[in-house]
Amino acid sequence: MADDAYLVLIPDARPRLGAPLAAVGRLECLDTTAVRAWLQAHDTTSDSRHVRILPPEAEASIPEQAERLPLPLTSEETETVRQACATDAIAAVETRLRDFRHTAEDRDRLVHQALATGLPVHRIAELTGLDPQMVGEIAERS
């Protein structure tokens with residue numbers, strides 16, 4: 001389990017924090033007795049516009065008087081909440097960074113594959129933008 005996200009009841013007068021539950025889809029924890037009891041105690045439902053979900057790092061932005069319930073989420077669910085709460089610009093940059101991470105994780109395999117086909121180190125460096133010394137170090141690890 002990752003850190004707790006927060007289910008928060010935000011009155012109309014507050015700026016919109018987090019995301020509505022509908023934006024994150026199905027979370028396992030929403031079927032728990034604790035969540036159902038919390039919603040019932042506040043005379044609301046999970047589809048209310050006043051019920052918002054925030055990722056763990058947004059805890060400090062929750063107003064003191066706001067009712068909140070910590071939600072244990074899996075790391076995948078936490079990422080879904082983060083994406084739902086992000087602005088379009090942030091979401092786009094985060095998607096590009098995740099794509100980059102996947103590309104970077106595959107870098108060594110691609111360099112080894114290029115070397116195996118006969119491409120020289122300098123050409124691999126030109127095509128990838130990697131420093132030729134880095135390509136050489138990757139080649140030595142094979």
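## Ground rules

Residues are numbered from 1 along each chain as its sequence is written, and side-chain values use heavy atoms, with hydrogens and water left out. Since the model is predicted, local features need pLDDT of at least 70 and side-chain atom pairs count only at pLDDT 80 or more, while totals for chains, interfaces and linings use all residues.

## The nonpolar cores

Let's start inside. A nonpolar core here is a set of buried Ala, Val, Leu, Ile, Met, Phe, Trp, Tyr and Cys residues joined through side-chain atoms within 4.5 Å; buried means under 20% relative accessible area, exposed over 50%, and partly exposed in between, with a 1.4 Å probe and protein chains only. The largest core has 18 residues, and Leu7, Leu21, Leu27, Val35, Ile53, Leu71 and Leu73 touch the most other members. Two or more residues each come from strand E1 (4–9), helix H1 (33–41), strand E3 (51–54) and strand E4 (67–72). Helices (H or I, at least four residues) and strands (E, at least two) are DSSP runs, numbered from the N terminus. A second, separate core holds eight residues, including Val8, Ile10, Leu54 and Ala58.

Ile53 belongs to strand E3 and counts as buried because its relative accessibility is 0%. Leaving out residues up to four places away in sequence, Ile53 has contacts (heavy atoms within 4.5 Å) with Tyr6, Gly18, Ala19, Pro20, Leu21, Val24, Leu27, Leu71, Val81 and Cys85.

Glu77 sits in helix H2 (residues 75–85).

Asp43, in the loop between H1 and E3, has a positive phi of about 50° although it is not a glycine. Asp43 counts as exposed because its relative accessibility is 72%.

## The largest pocket

On a 1 Å grid over the protein atoms alone, a pocket is an open set of points where a 1.4 Å probe fits, with protein on both sides within 12 Å along at least five of seven lines; lining residues have an atom within 4 Å of a point. The largest pocket has a volume of about 240 Å³, the space filled by probe spheres set on grid points joined across faces, edges and corners. Its lining includes Phe100, Arg107, Leu119 and Ile124. H4 gives the most to this lining, with four residues.
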